[in-house]
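Work through the exercises below with the structure open beside you. Try each task before reading its solution.

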Amino acid sequence: MTYTKPEWYTPAEVAVHNKATDCWISLNGVVRDLTSWLQDQFKLCKCIKNCTCPVKNWYCGPECVEYCNCFKFGYEFCDRKRLAITILAYAGKDISHWFKGEEWVHYTHPITGTTTVYQQHGPGNQQPVVPSTRWRPLTRPWWLDSSNVVGKVTAKTRPIRITNTLTGSSVTLEVCSEETIYQIMMRYLPHNSHMLSYTWRYLGRPLCYEWTLHQNGIPDERDRFEKVALPDNLHIPDLLLYYNDDLTEDPPKENCLCTEKECTFDVPEKCQEDFFL
């Protein structure tokens with residue numbers, strides 16, 4: 001089996017990355033990892049810090065918030081740190097409403113009458129709207145940097161039940177509606193490491209592993225249930241796993257180096273060496 005990196009993420013999966021040391025946000029359907037960017041922004045301020053710890057000691061816990069004296073002066077390097085704090089406050093959340101397309105939402109400044117960036121949630125990349133020595137050339141913004149993209153956020157999640165007919169065990173997963181059956185297999189992998197030994201079926205029909213649930217004819221009927229005031233979990237489609245009477249041991253993840261798409265299940269001869277390292 002070729003192990004693949006997740007392409008789609010649910011809002012719940014993004015929400016758990018909500019710390020300065022692990023900060024993800026979703027923006028216009030794209031999930032971005034801003035952890036390294038945050039660390040760079042926090043290092044820009046060289047002022048003496050004071051923290052929010054009730055007991056001042058040499059050790060500060062992860063819940064500690066540091067403040068610097070230069071905030072009130074509005075220096076350029078503190079503008080960046082204020083932006084970092086704003087992003088950190090929305091870690092694990094969706095900030096698409098901050099933007100219109102790839103640019104920040106704009107508004108007409110009430111004093112100058114010019115169109116400028118509207119940052120309702122705190123300082124961002126805003127340049128002075130009047131002549132000022134604080135103006136700085138804008139480097140490549142983080143929301144256009146492709147290096148921090150880790151995947152895409154799903155437009156809709158759906159539950160799916162997976163039942164192993166050999167053992168009788170059943171697992172209910174929340175998956176992305178855009179994910180293929182093979183990508184759902186990657187989610188199910190921690191529950192069964194012998195994926196190559198089973199055939200996946202729905203209502204007795206074999207599944208195409210490169211198609212989504214909808215393309216395989218597996219409906220999501222939660223909207224119909226809601227219209228008649230029934231709970232949306234009244235019925236969850238069940239995928240059945242049938243044992244092939246051939247216990248195949250999957251290769252370790254770190255040893256499976258084959259990148260050929262055809263190697264997912266039927267290992268071609270050209271990939272044998274990479275597959276069984």
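**Exercise 1. Strand partners**

Which residue in β11 is the bridge partner of Val-31? Then place the strands around this pair in order.

Solution. The model used here is a predicted one.

Step 1. Find the pair: the bridge partner of Val-31 is Gly-151 in β11.

Step 2. Look at the strands involved. Strand β4 covers residues 30–33 and pairs with β11 in the antiparallel sense, over three bridges. Along this pairing, Arg-32 stands opposite Val-149 in β11.

Step 3. Turn to β1. Strand β1 (residues 8–9) and strand β11 (residues 149–153) run parallel and are joined by two bridges. Tyr-9 has Val-153 as its bridge partner in β11.

Step 4. Strand β3 (residues 22–27) is antiparallel to β4, with four bridges between the two. In this pairing Ile-25 stands opposite Arg-32 of β4.

**Exercise 2. The hairpin turn**

How many residues lie between β3 and β4 in their hairpin, and which residue in the turn has a positive phi?

Solution. Two residues lie between the strands of this hairpin. Asn-28 is the turn residue with a positive phi, about 55°.

**Exercise 3. Buried or exposed?**

Classify Thr-180, His-235 and Val-228 by their relative accessibility.

Solution. 

Step 1. Recall the cut-offs: buried means under 20% relative accessible area, exposed means over 50%, and partly exposed lies in between.

Step 2. Thr-180 sits in the loop between β13 and α4. Its relative accessibility is 18%, so Thr-180 counts as buried. Leaving aside neighbours within four places in sequence, Thr-180 is in contact with Tyr-209, Glu-210, Trp-211 and Thr-212.

Step 3. His-235 belongs to the loop between α5 and β16. At 41% relative accessibility, His-235 is partly exposed. Not counting residues up to four places away in sequence, His-235 touches Glu-221 and Phe-225. The C-alpha atoms of His-235 and Glu-221 are 8.1 Å apart, and the two residues are 14 residues apart along the chain.

Step 4. Val-228 is also found in the loop between α5 (222–227) and β16 (238–243). With a relative accessible area of 54%, Val-228 is exposed. Together with Leu-230 and Leu-234, Val-228 makes a nonpolar surface patch of about 270 Å².

**Exercise 4. The nonpolar cores**

Which residues of the largest nonpolar core touch the most other members? Then name the elements that contribute to this core.

Solution. 

Step 1. The largest nonpolar core has 22 residues, and those touching the most other members are Ile-181, Tyr-188, Trp-200, Leu-213 and Leu-239.

Step 2. Two or more residues each come from β12 (157–164), β13 (170–176), α4 (181–188), β14 (198–202) and β16. The most come from α4, which gives six residues.

Step 3. Take Leu-213 and list its contacts, not counting residues up to four places away in sequence. Leu-213 touches Arg-158, Ile-160, Val-175, Glu-179, Ile-181, Ile-184, Ile-218 and Leu-239.

Step 4. Another core, of 17 residues, lies apart from the largest one; among its members are Trp-37, Leu-38, Trp-98 and Trp-142.

Methods: Residues numbered from 1 in each chain as written. Predicted model: local features only at pLDDT ≥ 70, side-chain atom pairs only at ≥ 80, totals over all residues. Heavy atoms only, no water. Patch = residues over 30% accessible without salt bridge, like charges linked within 9 Å, V, L, I, M, F, W, Y side chains within 5 Å. Areas by Shrake-Rupley, 256 points an atom, 1.4 Å probe, with all protein chains shown as cover. Salt bridge = Lys/Arg side-chain N within 4 Å of Asp/Glu carboxyl O. Buried < 20%, exposed > 50% of the residue type's maximum accessible area, 1.4 Å probe, protein only. Pairing = 2+ DSSP bridges. Contact = heavy atoms within 4.5 Å. Core = buried A, V, L, I, M, F, W, Y, C linked by side-chain atoms within 4.5 Å.
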